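Thanks, everyone. I'll keep this short. Please look at the screen.

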Amino acid sequence: MHIIQPHYHAIARTAQDYERMAMSGVVAVCEPAFWAGFDRLYPETFIDYFRQISEFEPTRADQYGIRHFSWVAVNPKEAENKELTAEVLRAMPSFLEMPNVLGVGETGLHKSTPNECDALAAHVELAMKHDQLVLIHTPHLSDKAHGTRRTLEILAGLDVKPERIWIDHVEEQTVKSVLDAGYWAGMTLYPVTKCSPKRAVDILERYGIERLLVNSSADWGPSDPFTLQECILEYRRRGHSSQDAIEVFHNNPCRFLGQNPKWDIKPIRIETEQ
Amino acid sequence: MFTPQQVIDTDYLESRCALLEIAAMLDRYDVAAERSSAPAEDTTKLDCLRSALATLADPAPSTDRAERLLQLFATI
């Protein structure tokens with residue numbers, strides 16, 4: 001089984017996770033920029049962070065035969081700081097030219113404040129100006145439905161290509177609106193706080209696999225990169241074929257991410273020897 | 001021991017998660033039944049789960065809900 005981890009915060013994980021992922025068939029991980037657990041004060045801190053995920057982290061992944069790609073953005077929590085966000089946005093275009101940077105993300109909303117909404121719009125506009133893909137975080141728990149609606153409203157007011165935008169962390173109450181608007185939707189599998197592997201398979205069975213991505217949880221909080229493999233097991237256990245699983249867990253990420261020519265991993269098809 | 005507020009604040013997310021899994025399982029059953037145009041042949045376990053949920057839905061103070069559920073599940 002070839003697996004792609006489309007949303008993986010590698011700097012918060014150990015080398016052992018890389019090793020175990022490689023042993024379970026993971027061939028590539030994509031690392032969006034995210035919150036460090038505290039609000040950073042300086043644009044330079046972000047720039048060093050972007051260097052870490054675009055220059056250093058690929059070397060760590062490479063030791064296990066895993067390709068590493070990244071995204072750059074100011075995450076929603078820190079987007080409340082307007083001056084910081086503006087400075088980092090000015091620095092981002094040079095990173096978008098890096099050979100393994102796939103686009104702008106994860107931007108999005110946390111509490112859907114006016115500053116967050118402005119920052120989301122600015123990130124999306126920057127991405128569209130530079131012909132980049134966009135990865136959008138949606139809020140957690142009780143803020144999710146409202147934040148997702150606001151995200152869709154903001155996007156509707158911008159000149160965007162929906163097929164180049166991935167709205168992440170969808171659950172049962174938000175997946176339909178995201179898909180109906182033409183965007184890609186991502187399900188993030190957490191042990192407790194977001195979607196679960198079984199519920200993700202329910203959603204795949206209900207809505208079909210088109211424009212749906214599945215990612216594990218992998219950050220510095222309670223999370224588990226192998227929730228993705230749990231989901232694959234559940235999907236196969238319900239009778240879906242190996243090729244069906246490859247379509248969801250390998251080929252769909254290739255289809256979305258392959259819109260950026262830097263992503264050179266192609267969809268694969270299992271062939272039986274005649 | 002936890003205070004009443006600590007119990008709620010500490011266990012809310014895990015309990016929320018457990019309830020969502022139960023909700024999804026019941027949805028999954030109804031989808032499967034609709035697809036098959038028939039309910040399961042033997043719904044004893046499902047009926048038992050629904051009885052358990054009814055027990056939990058009673059807001060009256062109680063300290064033996066887990067014990068009562070185990071006794072209920074022992075009938076299966």
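Start with burial in chain A. Of its 274 residues, 47% count as buried. One caution before I go on: this is a predicted model.

Now overall dimensions. For 274 residues, a compact globule would have a radius of gyration near 19 Å. Chain A comes out at 17 Å, which agrees. Along the principal axes, its C-alpha atoms fill a box of roughly 60 × 40 × 35 Å.

Next, contacts within the chain. Take those in chain A with a separation of 6 or more. Residues 24 or more positions apart make up 71% of them. As for secondary structure, chain A has 9 helices and 8 strands.

Let me pick one helix, H3 of chain A, residues 82-96. How far apart should its ends be? At 1.5 Å a residue, its 15 residues should span 21 Å. The end C-alpha atoms are 21 Å apart, so the two agree.

Which residues of H3(A) are buried? They are A:Leu84, A:Thr85, A:Val88, A:Leu89, A:Met92 and A:Phe95. And what do they pack against?

Last topic: the contact between chains. Chain A brings 6 residues to it, and chain B brings 8. On the chain B side that touches chain A, 4 are nonpolar and 4 are charged, with no polar residues.

That's my tour. Over to you.

Technical notes:
Residues are numbered from 1 along each chain as its sequence is written. Chains are lettered from A and ligands numbered from 1 in the order in which they are written. This is a predicted model: local features need pLDDT of at least 70, side-chain atom pairs count only at pLDDT 80 or more; totals for chains, interfaces and linings use all residues. Two residues are in contact if their C-beta atoms, placed from the backbone, lie within 7 Å. Ala, Val, Leu, Ile, Met, Phe, Trp, Tyr, Cys and Pro count as nonpolar, Asp, Glu, Lys and Arg as charged, and the others, Gly among them, as polar. Helices (H or I, at least four residues) and strands (E, at least two) are DSSP runs, numbered from the N terminus. The expected span of a helix is 1.5 Å times one less than its number of residues. A residue is buried if 20 or more other C-beta atoms lie within 10 Å of its own, exposed if 12 or fewer, and partly exposed in between; C-beta atoms are placed from the backbone. The radius of gyration is taken over C-alpha atoms; the globule rule is 2.2 Å times the number of residues to the power 0.38.
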